[in-house]
Amino acid sequence: MILYPVLVHMYLELVYNGHTEKAISLMRTFGPEQDTYYQDDLKKLAIVTKREHMSGNELTDTFKSNQFIIRMSRDTLSLLKRHLNDKKASVLLNIIQEHLYFDMYEGVARNKSQIDATSGAVGGEAKRQDNKAKVYYGIPKAPDIQTLAAPVEEEEGEGADQDNPEKPKKKKAKKDPLFSKKTKSDPNAPPPDRIPAPDLKDNDKLEKVKAIREASRRVTLGPETLPSVCCYTLLNANHSVCCAEITEDSSMLAVGFNDSIVKVWSLVPQKLKALKSAQQLQEVNIEAEDLMVRIMNERTGEVSRTLAGHSGPVYSVSFSPDRTLLLSCSEDATIRLWSLQIWTCLVVYKGHLFPIWDVKFSPLGYYFATASHDRTARLWATDHYSPLRLFAGHFSDVDCVQFHPNSNYVATGSSDRRVCLWDCTTGNHVRLMTGHKAPIHSLAFSVCGRFLASSGADCRVLIWDLSHGHLVAELTGHEKAVHTLTFSRCGNILCSGGLDCCLKVWDFSKITEDISSEEVNVSHNPDVKTGEQYLLRDFATKSSPLINLHFTRRNLLLAVAAFDGTNP
């Protein structure tokens, strides 16, 4: 555990003091003996052979300005210090005291597999203190939409006026059994007013009613009922497609290209229409129930629309929950907010100084989060030009960002191989999770909000329990980087897709069952679940790396892939 950081600091010390040949000899002798997941960093470090090379180097800056964290039992640490004192290894002792931080715990020392499970991050492991804050991972009770959902029927008998038969009968709302089911309040849910949320408009409420009705027809997935998959393949676009996203109701697909444009397609028979002109809108009755239909110009319907405005590749796109807005982020360090009614850019948000790799709308709408090459993630609101929160703490690029289903937290994955969970109200990190051996490309929260799945260039999918910040499962089988993850709407299935042109379906309900049957040891990570036992099925595409996965409200799996003719 301590050999890698000690080797790095010895090497940097020799380089800093001008002993280049001795530094190179040290690296050649002991570098290959280090764990495989540190080899890439050691290769980058071997390029630094002069003092001037050290300034501005991401890796050397991280080691010089931060202590490398190692979790160790009290007994092991006392044995280590006694051994070094007996050997009079003063140089090693100085490096350990100055540059290493030991997160001590009482109890049995960990075995090699337990250490390997959480090792690999640039700055070492997470301290236990990093994962002690309370996390409200539950889902708040949904607002009551019974009144909107209920059809009205005439009241008979006692409600009618017997003396005056001409008088119209009173009407009362008929209860819909679908909406009269009482949902239990989650004890782990945040208070409803913890984060300011925009008021639901009538149109949003009607959309929720429609979503609940559709969900009632949903197929519950499991080992016996695997999802059907529909794959949208982008042709002649292998080296030009950067990202793709499908709306929550599966009606539209947006794709970002490296020539700075965003293209939006309709996935349903209804075409993409634009608003009527200002003169025509004056004639529309604003009290009409179908107002949203009336304000659209039927003659302007198109199967696809193109949005141009960025001056660099578009790395991520995200639809608002009500499907009227689209966010896009780019290499040009800006985020653009597009109207999907007038098909033009409404706002350009500036704040990041370097390329922005990811953008995501909050499940509430209104808020959105971004991840950038400047090593920060930021929380924004659509009606503010500047960010509301700045999430700083990663040692390298923040590659991906994802909102928690309750919108109170934002998760980030970075090239420093760490996953962080940030509190939107305070801006502080409340969970820090290590275990990935390469940059992280994708994040997905479970439907219940307790678990987080992450994947990246190490070809693995890791499952984290947010209640303690523990790594609970490691899913292997992909041969190349995993770029997209999604949970089924029922929460029983996890799907992953990547550059190996393969889509894998995992039994997430079995993972949670196995976890709940174990006792939790808070002092250190439990044994990590691994193996092919959780893999239910894999689907191969025809030379088409997967870009995005999405479950419809009825649990049909939609995949977006780009055909690569050069792939054998």
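How much space lies in the second largest pocket? About 290 Å³, as View 1 shows. This is a predicted model, where local features need pLDDT of at least 70, side-chain atom pairs count only at pLDDT 80 or more, and totals for chains, interfaces and linings use all residues. Residues are numbered from 1 along each chain as its sequence is written, and side-chain values use heavy atoms, with hydrogens and water left out.

**View 1. The second largest pocket and its lining.** There are 20 lining residues here, and M1, I2, D35, Y37 and Y38 lie nearest the centre. Helix 1, strand 1 (68–73) and helix 8 (112–118) are the elements that give two or more residues to this lining; helix 8 gives the most, with 4. (Nonpolar covers Ala, Val, Leu, Ile, Met, Phe, Trp, Tyr, Cys and Pro; charged covers Asp, Glu, Lys and Arg; the others, Gly among them, are polar.) On a 1 Å grid over the protein atoms alone, a pocket is an open set of points with protein on both sides within 12 Å along at least five of seven lines, a cavity is a set where a 1.4 Å probe fits but cannot get out, and lining residues have an atom within 4 Å of a point. Points are joined across faces, edges and corners, and a volume is the space filled by probe spheres set on them.

**View 2. The second largest cavity, about 30 Å³.** The model has 2 cavities of 30 Å³ or more.

**View 3. Helix 1 (residues 3–16) against helix 2 (residues 20–30).** The pair packs at about 160°, axes 8 Å apart, which makes helix 1 roughly antiparallel to helix 2 (over 145 degrees; under 35 counts as roughly parallel). Axes are lines fitted to C-alpha atoms over the stretch in contact, with angles from 0 to 180 degrees between N-to-C directions. L7, M10, Y11, L14 and V15 of helix 1 meet K22, A23, I24, L26, M27 and F30 of helix 2, contact being heavy atoms within 4.5 Å. That makes 10 nonpolar residues, no polar and 1 charged.

**View 4. Helix 1 beside helix 3 (residues 39–46).** These axes come within 11 Å and cross at roughly 5°, so helix 1 and helix 3 are roughly parallel. Y4, L7, V8, Y11 and L12 of helix 1 touch D41, L42, L45 and A46 of helix 3. (Helices are DSSP runs of H or I, at least four residues; strands are E runs of at least two; both are numbered from the N terminus.)

Technical notes
Parallel < 35°, antiparallel > 145°, perpendicular 65-115°, else oblique.
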